[in-house]
Amino acid sequence: MTTPNFSFSDHIILEDNLVLLRPLQESDVDNLLEISISEPETWKYSLVGADGKENLIKYIQSAIKNREDKREFPFIVFDKKSQKYAGSTRFYDMNLEFKTLQLGFTWYGSAFRGTGLNKHCKFLLLQFAFETLGMERVEFRADNNNERSIAAMKSIGCKVEGVLRSHMPTANQEVRRDSIVLSILRNEWFDEVKENLKQKL
């Protein structure tokens, strides 16, 4: 199932004056290696980390395979101000028939957090999801302990739906995480979220 204006093989580029997102590719190991090696805490709340070269290679290969299997669409994020690669994000759990997808696997190097970069990325991704792909719902999930991530999602206009208890394992196999679920619906995007987010850019 594809929409008339989208195929998983498309070379999608989303950009504004501050940020550029393009499809993640194998050669991006080199572009993300510095963050991967020097900032392993970036993946503190992730089940699948990209810390260290070996993990980063596996992370990127897995993301690309999921795109080939038409389940995910991963991007690399380029910060135009510093002219550096900042991190990665993706659409996943894409159900084009039901017009839903999840937006996540988002991480940035510490130099790019709190700079407004994330809001620019989310604006471009949400605009694409609702206005090009015609989605009815975009869902976000996070570890319920990940306060920074939850605050960021609320600040772009996500509504909290609830918490999935003991939802999935964490990197520390003894501990299972509760996942908080947030979302934005199509009418919310057009009625308020788009304009509010634009004001913050």
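**View 1. Hairpin of strand 3 and strand 4.** In this predicted model, the hairpin of strand 3 and strand 4 has four residues between the strands, and glutamine 83 takes a positive phi near 60°. Strands (E, at least two residues) and helices (H or I, at least four) are DSSP runs numbered from the N terminus. Two strands are taken as paired if DSSP finds at least two bridges between them. Isoleucine 76 has serine 88 in strand 4 as its bridge partner. Residue numbers start from 1 along each chain as its sequence is written, and side-chain values use heavy atoms, with hydrogens and water left out. Because the model is predicted, local features need pLDDT of at least 70 and side-chain atom pairs count only at pLDDT 80 or more, while totals for chains, interfaces and linings use all residues.

**View 2. Hairpin of strand 4 and strand 5.** Strand 4 and strand 5 run antiparallel and are joined by six bridges. Four residues lie between the strands in this hairpin, where lysine 99 takes a positive phi near 60°. Arginine 90 has glycine 104 in strand 5 as its bridge partner.

**View 3. Arginine 90 and two rings.** Arginine 90 lies over the face of phenylalanine 105, at 4.0 Å from the ring centre. Arginine 90 also lies over the face of tyrosine 59, at 5.1 Å from the ring centre. A charge counts as over a ring if NZ of Lys or CZ of Arg is within 6 Å of the ring centre and within 35 degrees of the ring normal.

**View 4. Tryptophan 43 and tryptophan 107.** The whole structure holds twelve aromatic pairs. Tryptophan 43 and tryptophan 107 form an edge-to-face pair, 4.8 Å centre to centre with 65° between the planes. Tryptophan 43 is in the loop between helix 1 (29-38) and helix 2 (53-68), and tryptophan 107 is in strand 5 (residues 100-108), 64 residues apart. Rings of Phe, Tyr and Trp (its six-membered ring) pair if their centres lie within 6.5 Å; planes under 30 degrees apart are stacked, over 60 edge-to-face and the rest tilted. Both tryptophan 43 and tryptophan 107 are buried (under 20% relative accessible area with a 1.4 Å probe, protein chains only; exposed is over 50%, partly exposed in between).

**View 5. Phenylalanine 123 and tryptophan 189.** The ring centres of phenylalanine 123 and tryptophan 189 are 5.6 Å apart and the planes stand at 50°, so the pair is tilted. Phenylalanine 123 belongs to helix 3 (residues 117-132) and tryptophan 189 to helix 5 (residues 186-200), 66 residues apart. Phenylalanine 123 and tryptophan 189 are buried.
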